[in-house]
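Thank you for sending this structure for comment. My remarks are set out as numbered points, to be read alongside the sequence and the 3D view.

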Amino acid sequence: MGSHPEDSMRRLLLLFIVSSASLATVAAPAFAHAHLQSATPPANSTLRESPPAIEVTFTESLEPRFSTLTLEDAAGRPVATPPARVAEDNPRKLVLALPSLGAGRYTVIWRVTSIDTHRTEGRFSFTIAGG
């Protein structure tokens, strides 16, 4: 009742296939994109007064040199702001300091590149009701 050479070869081949599949799973890079996770002010919100800044957090760390956050007024004109920056305490958050904004609807436009070099972009709006 010895084992046959064919059975040993099958076992060895099966072991090789399982090992190779396991290694491929472990070695495969995680290709992720930075998607919008949260925003302050929140998308589609109505505020009573101008916020001091816009903070947008993403699902992945950002590449600061290739990530932007801009603001447009209701007519689609750019609002003058300093450049957005990645927060020092959170590499997934972009911060855009704002001047005092008047009543109206504003659109936030984000274009980001995650540290794995994938680009994503999007937009959302908020309204300042004024007093």
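This is a predicted model: local features need pLDDT of at least 70, side-chain atom pairs count only at pLDDT 80 or more; totals for chains, interfaces and linings use all residues.

1. Of the 131 residues in the protein, 33% are buried. The exposed surface comes to about 8700 Å², and carbon and sulfur atoms supply 59% of that area. Among the contacts with a separation of 6 or more, 65% are between residues 24 or more positions apart.

2. Strand 3 pairs in the antiparallel sense with strand 1 (residues 36-40) over four bridges, and Thr40 stands opposite Glu55 of strand 3. Strand 3 also pairs in the antiparallel sense with strand 6 (residues 93-97), here over five bridges, and Leu94 in strand 6 is the bridge partner of Val56.

3. A further group of four strands forms an open sheet in the order 2-8-7-4, with mixed pairing. Strand 2 (46-47) and strand 4 (68-72) stand at the edges with a single partner strand each, and therefore one side of each has no neighbour in the sheet. Strand 2 runs parallel to strand 8 (residues 119-128), to which two bridges join it, and Leu47 stands opposite Ile128 of strand 8.

4. Which residues of the largest nonpolar core touch the most other members? They are Ile54, Phe58, Leu69, Leu71, Leu94, Leu101 and Phe126, out of 23 residues in that core. Strands 3, 4, 6, 7 (104-113) and 8 are the elements that give two or more residues to this core, and strand 7 gives the most, with four residues. As general background, nonpolar side chains in soluble globular proteins tend to be buried together.

5. Phe58 deserves a separate look. Leaving aside residues up to four places away in sequence, Phe58 touches Ala34, His35, Leu36, Gln37, Arg92, Leu94, Trp110 and Val112.

6. A search of the whole structure finds four salt bridges. In one of them, the side chains of Lys93 and Glu55 meet at 3.5 Å, N to O. Lys93 lies in strand 6 and Glu55 in strand 3, so this pair ties together parts that are 38 residues apart in sequence.

7. Another salt bridge joins the side chains of Glu121 and Arg111, at 3.9 Å, N to O. This pair links distant parts of the chain, with Glu121 in strand 8 and Arg111 in strand 7, ten residues apart. Glu121 is exposed, with a relative accessible area of 54%, while Arg111 is partly exposed, with 33%.

8. The side chains of Glu63 and Arg65 also meet in a salt bridge, at 3.3 Å, N to O. Arg65 counts as exposed, at 67% relative accessibility.

Notes
Residues are numbered from 1 along each chain as its sequence is written. Side-chain values use heavy atoms; hydrogens and water are left out. Buried means under 20% relative accessible area, exposed over 50%, partly exposed in between (1.4 Å probe, protein chains only). Contact means heavy atoms within 4.5 Å. Accessible areas come from the Shrake-Rupley method with a 1.4 Å probe; for residues, only the protein chains shown count as cover. Two strands pair if DSSP finds at least two bridges between them. A nonpolar core is a set of buried Ala, Val, Leu, Ile, Met, Phe, Trp, Tyr and Cys residues joined through side-chain atoms within 4.5 Å.
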